[in-house]
Protein chains: 2
Amino acid sequence: MKTSLDCIPCILRQTLDAARMVSPNPTVHEQILREVLRWTGDMDLSQSPPELAQRIHRRLREITGLSDPYRALKERTNQAALELLPALRAEIAASNDPLITAARIAIAGNHIDVAIHSQITEQDVLQAINEAFTAPFYSETEKFHHFVETAQSIVYLTDNAGEIAFDRLLVEQLPRERVTLVVRGSPVINDATLEEARAVGLDQLVRVIDNGSDAPGTILSDCRPEIRHLIDNADLVIAKGQGNFESLSSYPANIFFLFKVKCPVAAEHIRQPVTTQVLALSLAAPA
Amino acid sequence: MKTSLDCIPCILRQTLDAARMVSPNPTVHEQILREVLRWTGDMDLSQSPPELAQRIHRRLREITGLSDPYRALKERTNQAALELLPALRAEIAASNDPLITAARIAIAGNHIDVAIHSQITEQDVLQAINEAFTAPFYSETEKFHHFVETAQSIVYLTDNAGEIAFDRLLVEQLPRERVTLVVRGSPVINDATLEEARAVGLDQLVRVIDNGSDAPGTILSDCRPEIRHLIDNADLVIAKGQGNFESLSSYPANIFFLFKVKCPVAAEHIRQPVTTQVLALSLAAPA
């Protein structure tokens, strides 16, 4: 997905929010905002939004001298999410379609970032999950079942901390020996890295690797070469979150995108309204 | 009111909306957005938002070659608003406090710009007005009565087309011979100029002058010198709309601001929540 003109004001809003999240210093807020204004004034719009976000968050870490400014937040979110797993696991077991119920919960986890604030509690996470269950759900259920049942190799691209605890529930419904789970290579925003995957025990269930990149999405040219190879040879790719959608929406692979549609630009690309929770095969899939 | 960092993403959003309003050409949209990104990257934040808006809309008129791209829209809005005057005038006459009721209707007119689209109808205007009447109203009623009753000279600074038809109803409640009504010097967005003031018959009621400026607010250094003189010597200034608030909020004059609070930055300055309709004496008033 290219960066739309509509993305620009939104990216600037997010820049300011992020700057305030990682630093109390107004000079830092102004400095990064001005730098991003100049970058976007000259930017190549054929880039996807995560490419610009990668640059912004690198620069924020550079300015603040903090290599992982969201670390404490990620830990708290993961912890809060983990507390909810036993109850959700029972709900999945009791449901008519455990695979889709688990997928829906994993997508619900993608709501957590709307609730991000530094004092996030289990209650906040539970509220995000409950809200997610009342949102519209667009699901290509049969197709997803078919892919899961027949795939010899599955690549699972994760998104945020917190959300990754719920990914565990979906992974538990997959043929684990065929799954490779991919996390970000190093910290960016509250995205999950190896550390967060281990914190929720995913490394005990499936093969987990990092993609070598600090983009909040999957920019293949920025990932270690193995990642493209894995995706090209996977029968099924499960890609969580809008960042992965934005960076892979036109890549010709059998990718199911699982995310909450958070803006009109993504909505137009996925052809579903904003706030919809989507479980859908990529329109660029060769299959 | 200085430009806050929070204003920047919002101004960029408005730039894009305005570009799409005045031109169907995506190249125009991208060109103006990139220019504004570069300007704001280096801008002096001690300027008020209308100063940047003035520059943006000048440039948009230059790029499109249209000296008054909102002209047809202004005419339609004025026409639709005029149709409603007899009923509203009767409502004012029947009310317990005709001055405040007329003021409230004049502020309600400030809601019309949220309903702006090229096919605006009387129904749209009526809906905006009705919505305005359900919004919270913060009114320094007694103070306003006192100023109106004792002022020997009143300056009335108008805002948008459409809204200016409702301003007529408030002007009808004032001692007309003491009133000078000031409109923008030349077209900017849908702001009222001499043409729109005449279209609603205000020139038949009071002295009407233009401020010589094409800013969507009252930037005194950009107005003809007479305007500052008028304001400095007025016992009461009635300033309509957020643009006039943004440009005059710290000017030491007896200014009553009448507007709908449209954003958190203005809300913080006026100390009232967003969506509140305000009728309040300036915090910088010497009186």
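The questions below concern this predicted model, beginning with the fold of one chain and ending with single residues.

Me: How many helices and how many strands does chain A have?
Reply: The model is predicted, and its elements are numbered along each chain. In chain A, the count is 12 helices and seven strands.

Me: What radius of gyration does chain A have, and what would a compact globule have?
Reply: The C-alpha atoms of chain A fill a box of roughly 55 × 40 × 35 Å along the principal axes. For 287 residues, a compact globule would have a radius of gyration near 19 Å. The value for chain A agrees with this, at 18 Å.

Me: What share of the residues in chain A is buried?
Reply: A residue counts as buried if 20 or more other C-beta atoms lie within 10 Å of its own. In chain A, which has 287 residues, the buried share is 48%.

Me: Which strands stand at the edges of the open sheet in chain A?
Reply: The open sheet has seven strands in the order β1-β7-β6-β5-β2-β3-β4, with mixed pairing. Two of these strands have a single partner strand each, so one side of each is left without a neighbour in the sheet. Neighbouring strands are turned by 15° against each other on average, direction ignored. The edge strands of chain A are β1 (137-139) and β4 (207-210).

Me: In β4(A), which residue is the bridge partner of A:Val182?
Reply: Strand β3 of chain A covers residues 179-183 and runs parallel to β4(A), joined to that strand by four bridges. Within β4(A), the partner of A:Val182 is A:Ile209.

Me: How many residues of helix α8 in chain A are buried?
Reply: Helix α8 of chain A covers residues 163-171 and is largely enclosed by the rest of the structure. Its buried residues, including A:Phe166, A:Asp167 and A:Arg168, pack against α4, α5, β2, β3, α9 and β5 of chain A. The buried count in α8(A) is nine of the nine.

Me: What relation holds between chain A and chain B?
Reply: Chain A is superposed on chain B by a rotation of 180° with 0.0 Å of shift along the axis, at an RMSD of 0.0 Å. That is the relation of a two-fold axis.

Me: Which helix gives the most to the side of chain A that touches chain B?
Reply: There are 15 residues of chain A in contact with 15 residues of chain B. Both α1 (7-22) and α2 (26-42) of chain A supply at least two residues of the touching side. With eight residues, the helix that gives the most is α2(A).

Me: Through what surface do the copies meet?
Reply: Of the interface residues of chain A, 100% are also interface residues in chain B. The copies therefore meet through the same surface.

Me: How far apart in space are B:Lys143 and B:Pro216?
Reply: B:Lys143 is in helix α7 (residues 141-150) of chain B and is partly exposed, with 15 other C-beta atoms within 10 Å. B:Lys143 and B:Pro216 are 73 residues apart in sequence. Taken from C-alpha to C-alpha, their separation in space is 27 Å.

Note on methods. Residues numbered from 1 in each chain as written. Chains lettered and ligands numbered in written order. Predicted model: local features only at pLDDT ≥ 70, side-chain atom pairs only at ≥ 80, totals over all residues. Pairing = 2+ DSSP bridges. Axes fitted to C-alpha atoms, helices over the stretch in contact; angles between N-to-C directions. Least-squares fit on C-alpha atoms with pLDDT ≥ 70 in both. Contact = placed C-beta atoms within 7 Å. Buried ≥ 20, exposed ≤ 12 C-beta atoms within 10 Å, placed from the backbone. Rg over C-alpha atoms; globule rule 2.2 N^0.38 Å.
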